[in-house]
Amino acid sequence: MAKILSYEEKDTWIHRLSGVTKLIFFLLWCLTSMLTYDTRVLVVMLIFSLVVFKISKTRWSQVGAVFKLVMVFLAFNVFAIYLFSPDQGTAIYGTRTVLFHIAGRYDVTLEQLFYELNVVIKYFTIIPAVFMFLVTTNPSEFAASMNKVGISYNVGYAISIALRYIPDVQSEFTKIKHAQEARGIEMSGKASFINRIKNTAAIIFPLIFSSMDRIDVVSNAMELRGYGKHKKRTWYMEKKLLRNDYLTIGFTMLFTAAALLITFADGSRFYNPFV
Amino acid sequence: MKFKFGIKEVVAIGIGTALFVALTEIQIPTPIPNTYLQPRMAVMAFLAAVFGPVVGGVVGILGHALGDAMFYGSVWWSWVFPDGLVGLVIGLFAAKYAVKEGGFTSTKAIVLFNVVQVAVNAAAWMLLAPALDILIYAEPMEKLLSQGAAAFLGNILIIGILGTLLCAGYSKIGAKSSSLTKED
């Protein structure tokens, strides 16, 4: 089974924040990082997310495996950008400072390097935020506090069921896979392309059927307990928004506004050191 | 079209998302370089066809965002929403396929399902995804268009083959209506 990120209980002020606060931070943080290409803003965000990551006391063993995977994707993406358009940097920054020539239309320009550096920093501002959100948010508390801030409890419930059942479905998937492999079904690269699709179907079919059963069982159980009868429900894991929550939300909003203001002050989302 | 939202839909979104996330780890490489078939897309299409547009759309968005975050540690937002669009539009015609009632064995339903999925995949990966990519990430056009084309091809293949098989299989075996026939 592939290693995935999941919640781990710890006692830091980040863990004590409400799930909603962390969701708001996470979404606004992603939004800012997506919109800005301003290197100054990105560097500040990078430093800030590393600091917060440190405070959350997340250990390397919790996130290391996933981090390595992200690095592979990142390397691939950076390479692909260069392969497809080696002059994207020039198109953005308007100048062309050739450092050295490789072959054909492939020159290495300072502008291109700078542009790709921005892409890399963008990744690095998001990664700690994603890691932190997943490893510090308790799924049950998250559903409860979403309802507390006025989101329909159906939404909260759907998300909490999803988080609750990911490990179950995963272990069932692994079980079925092993069973099918024991019967001689090849899942690795040794099988031909068409055979691999067929063999995947041999795993997905039982998984779908058992999941459809699970949907029936869980929804019947919920119906029996009167789920959805009233407009409101109470929550075991309920947590009120505290002073720290309001401070965090306020700070995040201010930061987002400031970052976007700085980014778009000169009418372009890019910071141009070349002119 | 059914937009009703009951207990079953809530649970279907929850478990469907879990299924989608768990299946993120299977990727079938194709002969075309850097293009993978994602069986999770077929599962999403199946869920949309059975439970309708809300379940399809939410499983697409939530599943993609969660799956990417948990397995890859970053969320590529401009590809999350096209996924939701695919689920939503396939789900719009849920009543027509009648998967649960055992109607997906007819050629008409299968053709409709595939026409819909090809059309919405084209819209999602050739238009929406590159448009969002440029808007959000400002990456080079050529790279995005070729990525979009690869995703389009991969998704219509896997939904066309595996998705159709899943719906047909479930329609045949798991259908609610009994297999008893009325005697004269």
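The model is a predicted one. B:Val43 also turns up among the residues with the most contacts inside the largest nonpolar core, along with A:Ala162, B:Phe46, B:Leu47 and B:Ala49; this core has 109 residues. At least three of its residues come from each of domain 1 (13–138 + 239–264) and domain 2 (164–224) of chain A. The C-alpha centres of these two domains lie 35 Å apart.

Within chain B, helix 1 (residues 7–22) packs against helix 3 (residues 53–72), with axes that come within 8 Å and cross at roughly 35 degrees. The crossing is right-handed. Helix 1 of chain B contributes B:Glu9, B:Ala12, B:Ile13, B:Gly16, B:Thr17, B:Phe20 and B:Val21 to the contact, while helix 3 of chain B brings residues including B:Val54, B:Val58, B:Leu62, B:Gly63 and B:Met70. Sorted by class, that contact comes to eleven nonpolar, four polar and one charged residues.

Most residues other than glycine have a negative phi. A:Lys57, however, has a positive phi near 55 degrees, and its place is in the loop between helix 3 (39–55) and helix 4 (60–84) of chain A. B:Ala98 has a positive phi too, at about 50 degrees, in the loop between helix 5 (94–97) and helix 6 (107–137) of chain B. A:Lys57 is partly exposed, with 15 other C-beta atoms within 10 Å, and B:Ala98 counts as partly exposed with 18.

Technical notes. Residues are numbered from 1 along each chain as its sequence is written. Chains are lettered from A and ligands numbered from 1 in the order in which they are written. This is a predicted model: local features need pLDDT of at least 70, side-chain atom pairs count only at pLDDT 80 or more; totals for chains, interfaces and linings use all residues. A nonpolar core is a set of buried Ala, Val, Leu, Ile, Met, Phe, Trp, Tyr and Cys residues joined through C-beta atoms within 7 Å. A residue is buried if 20 or more other C-beta atoms lie within 10 Å of its own, exposed if 12 or fewer, and partly exposed in between; C-beta atoms are placed from the backbone. Domain bounds come from an automatic or database domain assignment. Axes are lines fitted to C-alpha atoms, for helices over the stretch in contact, and angles run from 0 to 180 degrees between N-to-C directions. Helices (H or I, at least four residues) and strands (E, at least two) are DSSP runs, numbered from the N terminus. A crossing is left-handed if the near helix is turned anticlockwise from the far one by less than a right angle, and right-handed if clockwise. Two residues are in contact if their C-beta atoms, placed from the backbone, lie within 7 Å. Ala, Val, Leu, Ile, Met, Phe, Trp, Tyr, Cys and Pro count as nonpolar, Asp, Glu, Lys and Arg as charged, and the others, Gly among them, as polar.
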